[in-house]
Structures are given as C-alpha cells and as structure tokens.
Amino acid sequence: MQNVDYIIRADYLLTMEGDLSVIRDGAVAVTGSDIIDAGVFPGISKKYTSSNISEGKGRVVFPGLINTHTHAAMVYFRGLADDLPLMDWLQDHIWPAEGKWMNEDFVGDAVELACLEMLKAGVTAYSDMYFFQNTAGKKLEKIGMRGVLGAGIIDFPFTGYAKSADDYFINAENLINNWKDSELVSPCVAPHATYTCGPDSYKRANAISEKYNVPIHTHLAETQFEVAECRNRYGKTPVEYFESIGMLTERLSAAHCVWLTDNEVGLLAKRRVGVAHCIESNLKLASGFAPVAKMLKAGVKVAFGTDGAASNNDLSVLGEMSTAAKVHKAVSGDPTVVDSRTTLLMATKNGAEILGLGDKVGSIRPGKKADLVIADLSKPHLTPLYDIYSHITYCLRPSDIETVMVNGKVVVENGRLTTMDEEEILEKARQWQEKIKA
Ligand SMILES: [Zn+2]
C-alpha cells in the first residue's frame, strides 16, 4: 500500500482521456503536485492509503477548465461600457480608461479578483494578454492559479509601461527570463492585433517565441472591420496575411477567428494553430459567429476563451461551453454539432494543448499535474441525471463548484478560496470602482 496526500473519490470521474468513457465510483490519487493514479475507487483503495479521502457521493470530478483567452485585469472595467460595437467600445471607452488607470497597482489588484472569480468557477488555468505581467505572476503564485501570461505588444507607447515600441520587446524578454522555470506561471509573447501591430512587430514577436520556445498569442480575424483593414494594408485576409509573414505555427494561439474563408480554415488546420473561441464576447460586440463546427471538422484545435470581463461580462468557461453548444447548432442548422463531450474536451484537453501545457494538465492521468475540479450534483437543476457530460455543458453553474485543486494544492474548499481573504479582494475592487467612477 502506498500512502498518498489525497484520494479524491466521486460518483462520476471524467478523465478526458481515450474514448471519454465515464468512470462510475471513480477516484484520483494525488501526491505533491502530481496525479499518481486514477480509476475505479475499489481498485484505487486497494493500492493507496491516505488521511484525506474525500466523500464522493453526488459528486463529479473532472480536469480544471482552461480559459485560453482573456485580459484578466480588465475585470475592473466589468460593465463600464456595454452595448457598443468593438471599435467604438475600444476607442471611446476602454482605451481611455486603460490610459488613465492601468498601472502596476491596478493590474496586481485586479488580477486577484479575476483569479478569485475563475477559481471559484472551476477554471484552473488561463492565458492572458496584458501588461505588467511580472506583477500578475506574483499574484498567481500567491493565490495558487496556473497562467500563461502574455506580454502585450502594440506599435505605440503606453505611459508607465513602454516608452517606445522597443520597450515592449524588452519587457517580453524580461518576463520570459523571470518566469521560465516557474511551476505555475508560463511566459508568452502577445502582439495585440493586425490593426495595432505591423508586420515587423509580428516577425519580431515570432522570433522571440521561437528563440525561447514559448507560445505566441494574438487576436485574429475578430471583426469585419479588421478583415477590411487587413485587405487595405496588405492585400490579404488576416490568416492569409499571417501565412505570408510566417506567423502560422503550432506555437500560435489565435483568439476569435470569426471571419475565415474555407482556405483560411484549411491553413489553420495544416499549420496546427490553436484557436481560442470567445463566443460570448463575439455575441456581445456583434462581431459575428466563428465557424467552429467547420473548424473542428477540418481538424483545427479549438478551445474556449472568455475574453476580458469588459466584453463578456464574466470569466466563466462553463458559460462559454453552454452558449457555444447552443449557438453553433442554431447557426449551422445542425443540432448534432458541438455536442457536450466535445465542449468539455475543448474546455480541458484542447485548451491545455493550444497553450503548450498538454503534457502537464488538461486531463486526468498518472504523471500530469493535479488540476482538478469537484462539483456538487445534488441540486434541483442537476436532477435527474442521465448523462453527466450533458449536465456539465447545459446545466452546471459556477456556484456548483465545491473544491478546486491546482498543482496538488486545494485552493477552493466548500466553494471558498483558501489561499487569500475573499472579502479583502472584493473590498479592494469596490475601492477601485469608486475611483474609476469618479
Ligand atoms: Zn481579447
């Protein structure tokens, strides 16, 4: 008998490995940061002992959800400006607010709120594009969340962060050097979009990504405005333009990919580019419907992103799953597409793979890191239960998440954050709200 730190038992265990079959009365053995074993409880309990064996009745355990595109610190702009098209929303509201308020303190405080919201909603890792990511990284280590932190790059200066275009690249390389050996934080380069970064910036960001073998993260083909602008400047649609400057690689994760030609869908599949599908942001800004069913059929790796809370307005991956599963059926006229198994696969394994974390997280198997979610199924809206995958996609809410483990450490217990004071985080957010409102 081997002693382990935790034996996590549950009526339903979804490993997201192999044929996605459901393990009834399952258990996961965890020691240190690692998953040691997973399978049926009677088998696990014959091989392992632990002083922490969780009660599994009425519970499901599945891999931590992954948010593949957000701007975490923008939670402080949640609900600041709504019901506007993307460019008006950006130019008249978000960019001025960022220009006025965004600094190291803002990012540090706001990231705490974003992590609190995501962890309590079963999101154990996120991919971010923003500024002051060294500060964000320190907060992630404190709160116990996993993140791929992208150093934002744009072609014009940003007071307090970058005096010149060069500064963005210096900041990006510093970020990579600071965090390349961290357990929880992975650095990344994040040029913003084709309308804020020229080809030289993209090529330079791509060279850094290749040199250090870190992911590169950008917005791509989000709106018709962007496609028209790209055609104007470069005579090509966004994905074809990226192909022409050597940007399409397995290291790239592209957020949105709403406006794609069939040729572009084929290019994304061929070059193994990851796509962060942000359906609620696309709906709210009326950006359009990404051809997700078509991309999945073509073999493109698609995962979920919430985008920033200013355009969503929450950071719930469960919300994205439910919305996407329904909208793509309506849009394609086919009720069989984006089914509930596919959505959970997109939210876990696909998400990990497109962020370059596929060997570490995204599924439950021996050797992977223990990023796990336990949800309570004993609720009216989850009863009766015929298909656990269906319930996770169509019925499960963030408030049903009971326990969350990241890297083998319990960070949410009975729905409460264990690593920091929740009330302090909320109070700080309310103080910022008063300042920003004034
Ligand atoms: Zn975004």
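This is a predicted model: local features need pLDDT of at least 70, side-chain atom pairs count only at pLDDT 80 or more; totals for chains, interfaces and linings use all residues.

Trainee: At roughly what angle do the axes of H12 and H13 cross?

Mentor: Roughly 145°, and the axes come within 10 Å.

Trainee: And which residues make the contact?

Mentor: H12 (residues 317–332) brings Val317, Met321 and Ala325. From H13 (residues 340–354) you get Thr343, Leu344 and Ala347. Five of the contact residues are nonpolar, one is polar and none is charged.

Trainee: What span should H3 have, and how far apart are its end C-alpha atoms?

Mentor: At 1.5 Å a residue, the 17 residues of H3 (104–120) should span 24 Å, and the end C-alpha atoms are 25 Å apart, so that agrees.

Trainee: What's at the start of H3?

Mentor: A side-chain oxygen of Asn103 comes to within 3.0 Å of the backbone nitrogen of Asp105. After H3 there's Gly122, with a positive phi near 80°.

Trainee: Now the loop between H5 and E10, where Ser182 lies. Does Ser182 count as buried or exposed?

Mentor: Buried, because its relative accessibility is 16% and the cut-off for buried is under 20%.

Trainee: What does the side chain of Ser182 reach?

Mentor: The backbone nitrogen of Leu184, at 3.2 Å. The side chains of Ser182 and Glu141 also make a polar contact of 3.2 Å. Leaving aside neighbours within four places in sequence, Ser182 is in contact with Glu141 and Lys360.

Key: Residues are numbered from 1 along each chain as its sequence is written. Side-chain values use heavy atoms; hydrogens and water are left out. Axes are lines fitted to C-alpha atoms, for helices over the stretch in contact, and angles run from 0 to 180 degrees between N-to-C directions. Helices (H or I, at least four residues) and strands (E, at least two) are DSSP runs, numbered from the N terminus. Contact means heavy atoms within 4.5 Å. Ala, Val, Leu, Ile, Met, Phe, Trp, Tyr, Cys and Pro count as nonpolar, Asp, Glu, Lys and Arg as charged, and the others, Gly among them, as polar. The expected span of a helix is 1.5 Å times one less than its number of residues. A polar contact is a pair of N or O atoms within 3.5 Å; within protein, one must be able to donate a hydrogen and the other to accept it, and residues adjacent in sequence count only if both atoms are side-chain atoms. Buried means under 20% relative accessible area, exposed over 50%, partly exposed in between (1.4 Å probe, protein chains only).
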